[in-house]
Amino acid sequence: MDFSDIDAYLHKVTPKREPVLAAMEKYAKQNGFPIIGPLVGRFLYQMATLAKARKILELGSGFGYSAYWFARAIGSQGRIIMTDMDQANRDRAFKYFEQAGLDAKFTYHLGDALKIAVNLKGPYDIVLNDIDKQDYPATIDIAASLLRPGGLFITDNVIWSGKVYDGKARDAATRGIRRFTRMLYADDRFFTTIMPVRDGISVAVRV
Ligand SMILES: C[S@@+](CC[C@H](N)C(=O)[O-])C[C@H]1O[C@@H](n2cnc3c(N)ncnc32)[C@H](O)[C@@H]1O
């Protein structure tokens, strides 16, 4: 059994996306921009629905693909706080949200998510973590302090194309993810599982 075969199969059977999401995926592909993609997007939609989420924080929002899936799940009663360092990503995100007529409320902060989050007030229902991987360990305390009990801390790329179990991989990003994973599993503020969907997602429930 090969995970790339499973991934290809899952992409093949996953329903087609609505036009604006499809346009976002096309933009990401053409520009080599990393997004969570439709398999994880659908998962985020499910998590937001199950958690009856109203308030969601994203650490690393890019041009809004993951926020779009959340927005579809939470509707007009919901608020998504987005963070990124790049003004062009912010502008692109709002262009797509407007095109799609999304009615969730979005706030997009520009700057370092780790610094921005310190000044935010919880409680949040979900924190999505997708920033630079060497900074992953620092996100655990942030999520712990902002999530409500039962809230979800979801982190993308925890398998990192298999580099996390490749002993030869010693780069800062891979080491950051390994350390993050060890810390999160050991942290009794959370109950954590890792799912090998796409590039790996950890889901940690705030105890
Ligand atoms: C993988 S992309 C995010 C994609 C987005 N979550 C999605 O799936 O649509 C990571 C984004 O995080 C931003 N980023 C990385 N480190 C960051 C940090 N410390 N603070 C804020 N943004 C950061 C990058 O600029 C990039 O746009």
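User: Which residue of strand 5 stands opposite Val127?

Analyst: This is a predicted model. Strand 4 and strand 5 (residues 147–156) pair in the parallel sense. Five bridges hold this pairing. Across it, the residue opposite Val127 is Phe153.

User: Is strand 4 largely enclosed or open, and why?

Analyst: Strand 4 covers residues 124–129. A residue counts as buried with 20 or more other C-beta atoms within 10 Å of its own. Six of the six residues of strand 4 are buried, so the rest of the structure leaves this strand largely enclosed.

User: How many bridges link strand 2 and strand 3, and which residue stands opposite Ile81?

Analyst: Strand 2 spans residues 79–84 and strand 3 spans residues 105–110. They pair in the parallel sense over six bridges. The residue of strand 3 opposite Ile81 is Thr107.

User: Which helix sits in the β-α-β unit with strand 2 and strand 3?

Analyst: The unit is right-handed. Strand 2 and strand 3 are its two strands. Its helix, residues 87–100, is helix 5.

User: Which elements each supply at least two residues of the shell around the ligand?

Analyst: The ligand is surrounded by 20 residues. Among the closest are Gly60, Gly62 and Tyr65; Ala113 and Ile131 are also listed there. The elements that each give at least two shell residues are helix 4 (65–74), strand 2 and helix 6 (113–118).

User: How many residues of that shell are charged?

Analyst: Sort the shell by class. Eight residues are nonpolar and six are polar. The charged residues number six.

User: How many helices and strands does the protein have, and why is it as compact as a globular protein of its length?

Analyst: There are eight helices and seven strands. The globule rule gives 17 Å for 207 residues. The protein is as compact as a globular protein of that length because its radius of gyration is close to that value, at 16 Å.

User: What share of the residues counts as buried?

Analyst: The C-alpha trace spans about 45 × 40 × 30 Å along its principal axes. Of the 207 residues, the buried share is 41%.

Conventions
Residues are numbered from 1 along each chain as its sequence is written. This is a predicted model: local features need pLDDT of at least 70, side-chain atom pairs count only at pLDDT 80 or more; totals for chains, interfaces and linings use all residues. Helices (H or I, at least four residues) and strands (E, at least two) are DSSP runs, numbered from the N terminus. The radius of gyration is taken over C-alpha atoms; the globule rule is 2.2 Å times the number of residues to the power 0.38. A residue is buried if 20 or more other C-beta atoms lie within 10 Å of its own, exposed if 12 or fewer, and partly exposed in between; C-beta atoms are placed from the backbone. Two strands pair if DSSP finds at least two bridges between them. A crossover is right-handed if, with the strands pointing away from the viewer, the path from the first strand over the helix to the second runs clockwise. A residue is near a molecule or strand if its C-beta atom, placed from the backbone, lies within 6 Å of it. Ala, Val, Leu, Ile, Met, Phe, Trp, Tyr, Cys and Pro count as nonpolar, Asp, Glu, Lys and Arg as charged, and the others, Gly among them, as polar.
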